[in-house]
Amino acid sequence: GLKIGKPFVYEAFFPIESKKYITLQKEVKFPSRQYKYWQQVVDLVNPILFKNNVKIVQIGSKNDKALKGVVYTSGETSIAQVHYLIRNSQMHVGIDSFAVHIASSLGKKIVALYSNMTPENSGPYWSNPLDCILIQSPRGDAKPSYAIDENPRTINEIKPETIANSILQLLDIEERVKVETLFIGDNFS
């Protein structure tokens with residue numbers, strides 16, 4: 001009969017000039033969860049978000065490489081400020097991580113990627129399922145590896161347009177990315 005309570009995180013103001021934005025966290029601790037096509041996702045979705053006055057705010061640690069075309073706050077924010085940024089955002093996008101669970105506890109819309117684990121094991125617990133698009137690596141009938149690192153990394157088989165169109169869908173933006181990735185892998189450029 002026990003229930004998991006929502007986490008409490010102290011919140012601190014962080015100045016952000018845009019009122020309409022989504023947060024994106026691209027870096028996480030486990031190599032198996034490192035998605036290498038975030039820049040392609042941003043490049044696909046940004047022109048449509050721009051038409052709708054929505055910006056992307058990148059959150060994370062100081063070691064995260066900045067994406068082009070985003071408001072970069074990685075390494076400039078405390079956990080309390082990240083909480084503030086997520087709470088005031090329209091949505092959170094990222095890898096299965098602490099930020100996804102914060103977004104879930106705040107009732108935010110979420111687009112999250114899953115590779116070495118399934119959303120059934122580590123998905124956003126407090127979210128309304130209609131507010132989440134949880135994208136798993138295309139493994140067919142194979143089970144997730146649960147490994148810290150994978151070779152090859154199955155997360156990199158997720159197509160950038162799948163993520164971009166999921167963002168647009170949850171933001172209730174009718175326009176879609178009309179790109180189809182034909183090949184993704186080591187020779188992708």
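Reader: How many aromatic pairs does the count come to?

Author: This is a predicted model, in which local features need pLDDT of at least 70 and side-chain atom pairs count only at pLDDT 80 or more, while totals for chains, interfaces and linings use all residues. Residues are numbered from 1 along each chain as its sequence is written, and side-chain values use heavy atoms, with hydrogens and water left out. Rings of Phe, Tyr and Trp (its six-membered ring) pair if their centres lie within 6.5 Å, and planes under 30 degrees apart count as stacked, over 60 as edge-to-face and the rest as tilted. By this rule, the number of aromatic pairs is five.

Reader: What kind of pair do the rings of F8 and Y10 form?

Author: The ring centres of F8 and Y10 lie 5.0 Å apart. Their planes stand at 80 degrees, so this pair is edge-to-face.

Reader: How many residues apart in sequence are the parts that F13 and Y84 tie together?

Author: The rings of F13 and Y84 have centres 5.3 Å apart and planes at 65 degrees, so they too make a pair that is edge-to-face. F13 lies in the segment before β1 (21-25) and Y84 in helix α2 (residues 79-87), so the parts joined by this pair are separated in sequence by 71 residues.

Note on methods
Helix = DSSP H or I, 4+ residues; strand = E, 2+ residues; numbered from the N terminus.
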